[in-house]
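Have the sequence and the model open as you go.

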Amino acid sequence: MDRRKFIRLAGGGAIAAAAIAPIAGCSLSSAYPREAVEAWDGPGAEADPRKRAVAYAITAPNPHNLQPWVVDLREPQVITLYTDPERVLPHTDPFGRQLLIGHGAFLELLVIALAEQGLAADVAVWPQGELGAKLKDWDRRPIARIALQPGAARDPLFAQVLNRHTPKTDFDITRPVSADTLRALLAGAGHHGIQAGGTVDKTGLEPLRDLCWQSAQVELLTPRTVMESVRLTRVGPSEILKHRDGISINTPMIRAVDAVGLFDRKNPPAEGSEAYKTMMARFQGHSRTAMGFVWLAGGNSRRDQVNAGRAYVRLQLTATGLGLGVHPMSQALQEFPEMAPHYARAHQLMLNKPAPKTAADDTVQMFCRLGYTAAPAPATPRRPLLAFVRA
Ligand SMILES: Cc1cc2nc3c(=O)[nH]c(=O)nc-3n(C[C@H](O)[C@H](O)[C@H](O)COP(=O)(O)O)c2cc1C
């Protein structure tokens, strides 16, 4: 048997590679379908400067790639940013904190892309007051109103916007991250009242690697939280093209497993199954190969959360320029009851403080691993530009 022509299945069987192409309905390439990643080509011939800026902003990092942004362009010379109340993660992000970080990242890219066109952005965050503490109380008030005026200095980070990707693979453990690189990364990282910290020191790494792995196990072994990821998983070209969001998987093996009905969308991976072992090994590998960590902290008001997102995308763009991978490991920062011990430990390890109790207390908003990847991280899908725009 020619091993290259067979793909091993989770249960130990094998499928002939030639048989998979028709099953999966496409080629054996793992690349995402072209149209699903067209956002990464930029705005092309689009003439409206606001739509051009939005075309860059939709590449922003955001939790589970939910892309919850809505922009209203009906007022001339203004962009008003809202959140889509349907695109939430009630179990892993019960207060919408991470979602608002994703909005902050979008807002910062919008401002950078406007400046590139010579337009200054006068940003009013929460012009009608902040959203409530609980997702169920969220109404349709705007997150930000951005008024445009001529005259803005270009931002050098614009050059990295379409190169920025989140590396979700093991890092190369033969390539340490130097203290100088960490310093260069952190030098410009404190923005909008957010403070940045980090470590590449061997003694600092171990407890944080352990935190990643211990907290990942809580998310993965809690049925309602792991199901949030399972339900948002898009397998194969047609599902990826249909949604263009969520967690996209296009590897031939998973497509084959899915095509023969072995990818269970209704239940968490059963303990001991191949799917379970693969999932655990992935998170353990990510934790073990972290070659450094960075974090962003500030208060925990809705404004602080948006500001953390603005600071985060700047940090990731800076890292992109340095050729360094920055990968959020958000499990320990998730605010569901089973995670509470790890949430407290995260604050102890990074801020030397107890877990925050009020919005005024210091809160770790982002926690990320650092390192170098063997291959560049792929561009992830985005929905079409017009799906975000009310005009
Ligand atoms: C607030 C926030 C939390 C995130 N948490 C995680 C995480 O825990 N694990 C992970 O793999 N990616 C995490 N990400 C990265 C997103 O999954 C990623 O940005 C998204 O899938 C889009 O991919 P891209 O950044 O490569 O464009 C997070 C991003 C944000 C903004």
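**Exercise 1.** Work out how helix H5 and helix H9 are oriented to each other.

*Step 1.* The axes of H5 (residues 202-221) and H9 (residues 274-288) come within 8 Å and cross at roughly 160°. Axes are lines fitted to C-alpha atoms, for helices over the stretch in contact, with angles from 0 to 180 degrees between N-to-C directions. Helices are DSSP runs (H or I, at least four residues) numbered from the N terminus.

*Step 2.* H5 and H9 are therefore roughly antiparallel, the term for angles over 145 degrees.

*Step 3.* In H5, Arg 209, Cys 212, Trp 213, Ala 216 and Leu 220 meet residues of H9, among them Met 279, Met 280 and Phe 283; contact requires C-beta atoms, placed from the backbone, within 7 Å.

*A note on the model.* This is a predicted model, where local features need pLDDT of at least 70 and side-chain atom pairs count only at pLDDT 80 or more, while totals for chains, interfaces and linings use all residues. Residues are numbered from 1 along each chain as its sequence is written.

**Exercise 2.** Find where the ligand lies relative to domain 1 and domain 2.

*Step 1.* Among the 16 residues around the ligand, Pro 61, Asn 65, Thr 166, Pro 328 and Ser 330 come nearest (near: C-beta atom, placed from the backbone, within 6 Å).

*Step 2.* H3 gives the most to this shell, with 4 residues.

*Step 3.* Domain 1 (34-162 + 379-390) and domain 2 (165-371) both give residues to the shell, so the ligand lies between them. The domain bounds come from an automatic or database domain assignment.

How values were computed
Helix = DSSP H or I, 4+ residues; strand = E, 2+ residues; numbered from the N terminus. Parallel < 35°, antiparallel > 145°, perpendicular 65-115°, else oblique. Contact = placed C-beta atoms within 7 Å.
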